[in-house]
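Here is a short briefing to read alongside the model. Please keep the viewer open while you go through the points.

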Amino acid sequence: MTSGEAEVVVTQERPTRLTSGPGTLLVWLYGVMVVGAVSRSIYQIATEFDRAPLAYTLSALAGLVYGFITYTLVRGGEKARRAALVCCAAELVGVLTVGTWTLVDPSAFPDATVWSDYGMGYVFIPVLLPLSAIYWLRRARTA
Amino acid sequence: MLAVLTLVTGVAALLLAAWCGWAAYRDQPTKDWHFIGMAVVSVLALVQLVVGIVQLARGEKPEQGTTIFVAYLLGAFACVPAAGFMSLGERTRWGSVTVAAGGVVLAVLEVRLYDIWGG
């Protein structure tokens with residue numbers, strides 16, 4: 001990682017920007033998850049909500065959390081950074097809880113959520129994303 | 001027709017991802033040639049969108065539903081241009097990483113599209 005020092009310099013000049021450097025990738029991935037989770041849950045809640053109400057509600061909730069985190073990342077600033085940090089922690093807890101729940105009690109989930117099996121259907125991005133985002137947000141403060 | 005197009009677009013997306021990943025590895029931002037590559041992949045996705053809609057208009061039905069099919073076609077079309085615009089705003093290796101991630105996402109969408117259409 002030779003670019004590490006360069007990033008720190010950039011963030012020092014603009015301490016409130018969260019979208020520079022690796023932040024760009026995070027915003028992109030969160031954006032993808034927003035589109036994925038929100039459109040999926042809208043479709044499922046509108047057409048077949050009764051089949052798996054719990055799973056679809058959780059997907060919608062995940063979509064909202066992703067949307068909020070994307071917004072805070074783009075907005076930037078210390079307050080947004082803290083809000084994003086809290087949401088990423090909540091997201092991580094959500095992924096781990098729902099992931100474990102789907103493994104322990106599959107009968108509660110006739111259909112998959114975004115967070116089923118720790119996000120396996122989404123190449124484990126749901127579980128990796130909050131970890132890297134928390135790492136990035138913590139570094140953005142110290143920089 | 002659609003299956004071939006899905007395959008070609010998916011492979012092109014992966015090539016784009018590898019190319020931009022290579023640029024990121026060498027600590028370079030996306031350059032003009034990368035944007036031409038993104039344009040090629042985007043045109044493929046656009047052709048796929050048009051062909052998909054024509055197939056629907058002819059009365060063919062995707063296996064997993066028309067709404068999902070159209071939503072994925074639109075998502076596939078928007079994917080790479082969106083990543084490209086983000087890399088315009090981020091003139092470092094991270095812009096290249098973002099486009100590479102966009103290519104991977106598009107490849108995944110193509111696999112899903114293949115399933116949704118029904119082979």
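Predicted model: local features only at pLDDT ≥ 70, side-chain atom pairs only at ≥ 80, totals over all residues.

Residues are numbered from 1 along each chain as its sequence is written, and chains are lettered from A, with ligands numbered from 1, in the order in which they are written.

**Chain A**

- Chain A has five helices and zero strands, where helices (H or I, at least four residues) and strands (E, at least two) are DSSP runs numbered from the N terminus.
- Read along the sequence, the pattern of chain A is α-α-α-α-α.
- Of the 143 residues in chain A, 41% are buried; a residue is buried if 20 or more other C-beta atoms, placed from the backbone, lie within 10 Å of its own, exposed if 12 or fewer, and partly exposed in between.
- Among the contacts in chain A with a separation of 6 or more, 63% are between residues 24 or more positions apart; two residues are in contact if their C-beta atoms, placed from the backbone, lie within 7 Å.

**Chain B**

- Chain B has four helices and zero strands, and its elements run α-α-α-α from the N terminus on.
- The radius of gyration of chain B is 15 Å, close to the 14 Å that the globule rule gives for 119 residues, so chain B is as compact as a globular protein of that length. The radius is taken over C-alpha atoms, and the globule rule is 2.2 Å times the number of residues to the power 0.38.
- The C-alpha trace of chain B spans about 50 × 20 × 20 Å along its principal axes.
- Buried residues account for 45% of the 119 residues of chain B.
- In chain B, 79% of the contacts with a separation of 6 or more join residues 24 or more positions apart.

**The UniProt record for chain B**

- An unreviewed UniProt entry lists residues 33-57, 69-88 and 94-114 of chain B as "transmembrane region"; UniProt positions are given in the numbering used here, feature names are shortened, and annotations may be inferred rather than shown by experiment.
- In the model, residues 33-57 of chain B are 100% helix and 0% strand, with end C-alpha atoms 36 Å apart.
- Residues 94-114 of chain B are likewise 100% helix and 0% strand, and their end C-alpha atoms are 30 Å apart.

**Where the chains meet**

- The contact takes 17 residues from chain B and 13 residues from chain A.
- On the side of chain B that touches chain A, α3 (66-89) and α4 (93-117) of chain B are the elements that give two or more residues.
- α4(B) gives the most to that side, with eight residues.
- The residues on that side of chain B divide into eight nonpolar, six polar and three charged. Here Ala, Val, Leu, Ile, Met, Phe, Trp, Tyr, Cys and Pro count as nonpolar, Asp, Glu, Lys and Arg as charged, and the others, Gly among them, as polar.

- The largest nonpolar core has 67 residues, and L29(A), Y30(A), M33(A) and A76(B) touch the most other members. Such a core is a set of buried Ala, Val, Leu, Ile, Met, Phe, Trp, Tyr and Cys residues joined through C-beta atoms within 7 Å.
- α4(B) gives the most to this core, with 12 residues.
- Y30(A) touches Y66(A), I69(A), T70(A), L73(A) and L129(A), not counting residues up to four places away in sequence.
- Since 19 of the 25 residues of α4(B) are buried, α4(B) is largely enclosed by the rest of the structure.
- From its first C-alpha to its last, α4(B) reaches 36 Å, close to the 36 Å expected at 1.5 Å a residue; the expected span is 1.5 Å times one less than the number of residues.

- V27(A) lies in helix α2 (residues 22-48) of chain A and counts as buried, with 21 C-beta neighbours inside 10 Å.
- Leaving aside neighbours within four places in sequence, V27(A) is in contact with T19(A), T70(A), L73(A) and V74(A).
- The C-alpha atoms of V27(A) and A133(A) are 9.5 Å apart, although 106 residues separate them along the chain.
- S87(B) lies in helix α3 of chain B and counts as buried, with 27 C-beta neighbours inside 10 Å.
- Beyond four places in sequence, S87(B) is in contact with T30(B), G95(B), S96(B), T98(B) and V99(B).
- The C-alpha atoms of S87(B) and T98(B), 11 residues apart along the chain, are separated by 6.7 Å.
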